[in-house]
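Subject: Structure handover

Hi,

Here is the structure I promised to pass on. Please open it alongside this email.

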Amino acid sequence: MKIAILISGRGSNMQRLIDAVAAPDFPAEIVCVISNRPKAKGLAIAAEAGIPTKIIDHTVFDSRAAFDAALGDALEAAGAELVCYAGFMRILTDEFAAKWEGRMVNIHPSLLPAFKGLNVQQQALDAGVTISGCTVHYITPALDSGPIIAQAAVPVLPGDDADTLSARILKAEHQLYPQAVRMIVTGEVRFEDGRVVTAEGATPQRFL
Ligand code: GAR
């Protein structure tokens, strides 16, 4: 399966996907890494790994639709069959999300459906939860609301601030995302009629 990865910054989840896909028994290849930010650190990491990179700077487009059209063209040109958001901080038009529905996934640093949007680790601290984590989900038009493929939980510890909690969640992300993508490319999970279906039944995977 041909995978495209979308980033906006550091690219540590992208790095983990690159490493995982490099394993001989991982039936996928990463065909391109696209960033909407020219200075995203992850671009250099991808280039170092020999993966074609592309910058589609959202600031030069005068509408969301025009940016989405350029992104869609780039994904199609690369032959992408699965699109993995890895810290890609752009909200796409409903039309784009609908067109790619079932072929786009995201990793989000909370246990959805709790804490959508931005600064979700701080949201979790403010809410006083004692367990948080991360979620891999299919992308649908509604923000951070698509069907859940996999989740991992981490404790919220006394004295945590947004940085310490983010670091703990990020470690879990690095384990979870490659596992979730592996389940997709091997056909263990698939998107069907707006929900996640597993090969055995219909239960989303969980990792604790
Ligand atoms: C990760 O924590 C990811 O879950 C989050 O951005 C960070 C990117 O880090 N994504 C979102 O918040 C999306 N809503 P990375 O660039 O090092 O992978």
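One caution before the details. This is a predicted model. Please read every value below as computed from that model.

**The ligand site**

The ligand sits in the largest pocket. Its shell consists of Arg10, Gly11, Ser12, Asn13, Gly87, Met89, Ile107, His108, Pro109, Leu170 and Glu173. Sorted by class, that shell holds 5 polar, 4 nonpolar and 2 charged residues.

Which elements each supply at least two residues of the shell? They are helix 1 (12–21), strand 5 (104–108) and helix 6 (162–185).

At glycine 11, a polar backbone atom is 2.8 Å from an oxygen atom of the ligand. At asparagine 13, a polar backbone atom is 2.9 Å from a ligand oxygen. At isoleucine 107, a backbone N or O atom lies 3.4 Å from an oxygen atom of the ligand. Taken alone, the ligand exposes 450 Å², and the protein buries 88% of that.

**Serine 8**

Serine 8 lies in the loop between strand 1 (2–7) and helix 1. Is its position buried or exposed? Serine 8 counts as buried because its relative accessible area is 6%, under the 20% cut-off.

Its side chain has two polar partners to check. One is the side chain of asparagine 36, joined to that of serine 8 by a polar contact of 2.7 Å. The other is the backbone nitrogen of methionine 89, which lies 2.8 Å from a polar side-chain atom of serine 8. Methionine 89 is also one of the residues surrounding the ligand.

**The loop between strand 5 and helix 5**

This loop deserves a careful look at the backbone. Proline 113 is in the loop between strand 5 and helix 5 (120–127). The peptide bond from leucine 112 to proline 113 is cis, with omega near 15°.

Phenylalanine 115 is found in that loop too. Its phi is positive, at about 65°, although phenylalanine 115 is not a glycine. With a relative accessibility of 17%, phenylalanine 115 is buried.

Asparagine 119 also belongs to the loop between strand 5 and helix 5. It has a positive phi of about 50°, again without being a glycine. Is asparagine 119 buried or exposed? Asparagine 119 is exposed because its relative accessible area is 59%, over the 50% cut-off.

Isoleucine 131 is part of strand 6 (residues 131–138). Its relative accessible area is 52%, so isoleucine 131 counts as exposed.

Threonine 198 is in strand 9 (residues 195–198). Threonine 198 is buried, with a relative accessible area of 4%. Threonine 198 and proline 52 are 146 residues apart in sequence. In space, their C-alpha atoms are 32 Å apart.

Best wishes

Technical notes
Residues numbered from 1 in each chain as written. Predicted model: local features only at pLDDT ≥ 70, side-chain atom pairs only at ≥ 80, totals over all residues. Heavy atoms only, no water. Near = heavy atom within 4 Å. Polar contact = N/O pair within 3.5 Å; in protein donor to acceptor, adjacent residues only side chain to side chain. Areas by Shrake-Rupley, 256 points an atom, 1.4 Å probe, with all protein chains shown as cover. 1 Å grid on protein atoms, 1.4 Å probe; cavity = no way out; pocket = protein on both sides within 12 Å on 5 of 7 lines; lining within 4 Å. Sits in = over half its atoms within 2 Å of the grid points. Helix = DSSP H or I, 4+ residues; strand = E, 2+ residues; numbered from the N terminus. Nonpolar A, V, L, I, M, F, W, Y, C, P; charged D, E, K, R; others polar. Buried < 20%, exposed > 50% of the residue type's maximum accessible area, 1.4 Å probe, protein only.
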